[in-house]
Amino acid sequence: MSPLLESLTAGLDALAQGDAAGLGEVRRAALAQALEAGVPSQRRERWKYTSLRALERRSFAASRALPELDAAALALPDGPRLVFANGRYCAALSRTAGLPEGVSLRPLSRALGEDAPQALAFLARRFETRDDVFAQLNAALAEEGAVLRVDAGVRVDAPLHLVFLGAPAQGDVAWALRHRIELGEGAHLKVVEHHLAAAPHAGLCNALAQIQLEPRAELCHVRIQSDAAGATHFLRTDTALAEASNYRRLDLELGAALSRHELNVGLLGHGARLHANGVLLGDGRRHLDTRLGIEHAARDTSCLLEWRGLGAQRSRAVFHGGILIQAGADGTDARLSNKNLLLSADAEIDTQPVLEIHADEVQAAHGATVGSLDETALFYLRSRGIPAAQAHRMLTAAFCREVLEVADGPLREAAEAALDLRLESLA
């Protein structure tokens, strides 16, 4: 067994909440699956461009206590929020009072003690393939996360915030988070995820989010990952869209040494819609890996996917955009665009758009490009007296901002501020 798996699984028996929620057997079965599969190697197709050899030689202690935090130095968002630090719920920094009627926002640790078994059924989900190792580890080890439920017909205009802080601890620590977001029929919600560093650290976060949208529900979801340069992130998001539901999403991958996000969306109901955009910003020796798995399983569904990648210095960005149109999903409109800029001769960007169609009467298109900044545009800006570094920043910012339109109002403002701050550091 690798040092990584040995250290991550050492604390399974110490989970305080597992048996109390009837999850002991589920946890042990998931752990057995993960240990049998082992850490994915590049010989597996889904991990071909992401090497975990250095990671599997590392050891992590389980995060069991809140780190010391300087609340005054943290730029926490206003409004309702849940705050977690090194995977532990931080009640002192969270704000859940004053939520609209019909909205429930709680840490998973509280839901485990309060909810009926049927409300926690999502925790018993099985992940069967050998490529699902980190999802299996999450099923075995997660004891904290965010549980957000909105009743049918409830509209929430102000965004809710989920804040995940990484901080130094005694040695390198790891934590697993399990999130659940449910929107009832006709509900409307805006959510912003913030992944931030309270201070430099080299922790490992393994998170899994399950999202369910009932008929005619609408969710706008922005995730900003700007964790410390030494951090490691694995995130998987599984979303199910019912009839006429609408999921708008923006992902900004701006931090961490190694990050991988798997976004799986099933358009299961007639007329379901997905608009998911993102930016991968690589610098230093950062490795960013995003994998989309979009499945159209019902008639007249649509997806629009627009992603941008930037590769600077010795970074590497990996993008896989997979769209599957099942038999019977006639009337589907599926479009994927992945454009990338190489800002350094030592950077690398790998992009793989995949379109699989088993239905008639569909509209589908996909494309990917990798290039450099337009020399004509640079010359034009320089000829107007703009310094070279500023001209580069202006063009790269314009390139990335094209995809921010999926969010609006305060969500877009938060995304623009985070992106601009990181682009400044590339100069």
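Trainee: What's the handedness of the crossing of α2 and α5?

Mentor: The crossing of α2 and α5 is left-handed. A crossing gets that label if the near helix is turned anticlockwise from the far one by less than a right angle, and it's right-handed if clockwise. Bear in mind this is a predicted model, where local features need pLDDT of at least 70, side-chain atom pairs count only at pLDDT 80 or more, and totals for chains, interfaces and linings use all residues. Residues are numbered from 1 along each chain as its sequence is written, and side-chain values use heavy atoms, with hydrogens and water left out.

Trainee: And what counts as a helix or a strand here?

Mentor: They're DSSP runs, numbered from the N terminus: helices are H or I with at least four residues, strands are E with at least two.

Trainee: At what angle do the axes of α2 and α5 cross?

Mentor: Roughly 150°, and the axes come within 7 Å. That makes α2 roughly antiparallel to α5. Axes are lines fitted to C-alpha atoms, for helices over the stretch in contact, and angles run from 0 to 180 degrees between N-to-C directions. Under 35 degrees counts as roughly parallel, over 145 as roughly antiparallel, 65 to 115 as roughly perpendicular and the rest as oblique.

Trainee: Which residues make the contact between α2 and α5?

Mentor: From α2 you have Arg27, Ala30, Leu31, Gln33, Ala34 and Ala37, and from α5 Val133, Gln136, Leu137, Ala139, Ala140 and Leu141. Contact means heavy atoms within 4.5 Å. By type, the residues of this contact are nine nonpolar, two polar and one charged. Nonpolar covers Ala, Val, Leu, Ile, Met, Phe, Trp, Tyr, Cys and Pro, charged covers Asp, Glu, Lys and Arg, and the others, Gly among them, are polar.

Trainee: How many residues of α5 are buried?

Mentor: Nine of its nine, so α5 (residues 133-141) is mostly covered. Buried means under 20% relative accessible area, exposed over 50%, and partly exposed in between, using a 1.4 Å probe and protein chains only.

Trainee: What do the buried residues of α5 pack against?

Mentor: They pack against α1 (3-9), α2 (24-37), β7 (173-183), β9 (204-213) and β11 (232-241).

Trainee: What about α7 and α8, at what angle do they pack?

Mentor: About 145°, with the axes of α7 and α8 (residues 409-425) 11 Å apart. α7 passes α8 in a right-handed crossing. Here Arg393, Thr396, Ala397, Cys400 and Arg401 of α7 meet Arg412, Leu419, Asp420, Leu423 and Glu424 of α8. That contact has four nonpolar, one polar and five charged residues.

Trainee: Okay, on to the core. Which residues touch the most other members of the largest nonpolar core?

Mentor: Leu189, Leu219, Leu274 and Leu305, out of 53 residues. β7 gives the most to this core, with five residues. A nonpolar core is a set of buried Ala, Val, Leu, Ile, Met, Phe, Trp, Tyr and Cys residues joined through side-chain atoms within 4.5 Å.

Trainee: Is Thr239 buried or exposed?

Mentor: Thr239 is buried, with a relative accessible area of 6%. Thr239 lies in strand β11. Leaving aside neighbours within four places in sequence, Thr239 is in contact with Ile211, Tyr247, Asn264, Val265 and Gly266.

Trainee: Where is Gln313 found?

Mentor: In the loop between β16 (302-311) and β17 (316-325). Gln313 is partly exposed, with a relative accessible area of 39%.
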